[in-house]
Amino acid sequence: MIVGEDGVTVYMDVPGLNADSLEIELENDVLTVRGERPFPYATEDGERAVRRIERRFGKFERSLRVPRGLDPDSVEASLVDGVLSLRIPKPESQKPHRVQIKTGTSEPQQLEGSASES
């Protein structure tokens, strides 16, 4: 997870999956990605035809806590070459802004600060 001034970006390797196999949810500051990779190596009677596999199959779920106040409706997801990219921009109220300080003897000065929620 990369947390920047403009938002949060998450990259996940999901080789062999397509967008229909994934479910993404952001609720209460927790980003959850669910999916399922089916077991493709089976005989006609349902028995597994492979003795050793280096890859995991079945259902999976991964949850990550993200910064507070991100908008679930603003999540952007893309899937390219087995890499799921999730981009969640910060709302304007959470982005850093400049505050002017006026003094009696000099010109206004600018300090950098950020809004914080309580």
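**Close-up views of a predicted model**

**View 1. The lining of the largest pocket.** Met12, Asp13, Val14, Pro15, Leu17, Arg37, Arg55, Arg56, Phe57, Gly58, Lys59 and Phe60 line the largest pocket, where a pocket is an open set of points on a 1 Å grid over the protein atoms alone at which a 1.4 Å probe fits, with protein on both sides within 12 Å along at least five of seven lines, and lining residues have an atom within 4 Å of a point. This is a predicted model, in which local features need pLDDT of at least 70 and side-chain atom pairs count only at pLDDT 80 or more, while totals for chains, interfaces and linings use all residues. Residues are numbered from 1 along each chain as its sequence is written, and side-chain values use heavy atoms, with hydrogens and water left out. Strand 5 (58–65) gives the most to this lining, with three residues, a strand being a DSSP run of E with at least two residues.

**View 2. Strand 2 and its surroundings.** Val10 touches Met1, Leu31, Leu64, Leu84, Ser85 and Leu86 (heavy atoms within 4.5 Å), not counting residues up to four places away in sequence.

**View 3. The partners of strand 2.** Strand 1 (residues 2–3) and strand 2 pair in the antiparallel sense over two bridges, pairing requiring that DSSP finds at least two bridges between two strands. Val3 has Val8 of strand 2 as its bridge partner. Strand 2 and strand 7, which run antiparallel, are joined by seven bridges, and Thr9 has Arg87 of strand 7 as its bridge partner.

How values were computed: Helix = DSSP H or I, 4+ residues; strand = E, 2+ residues; numbered from the N terminus.
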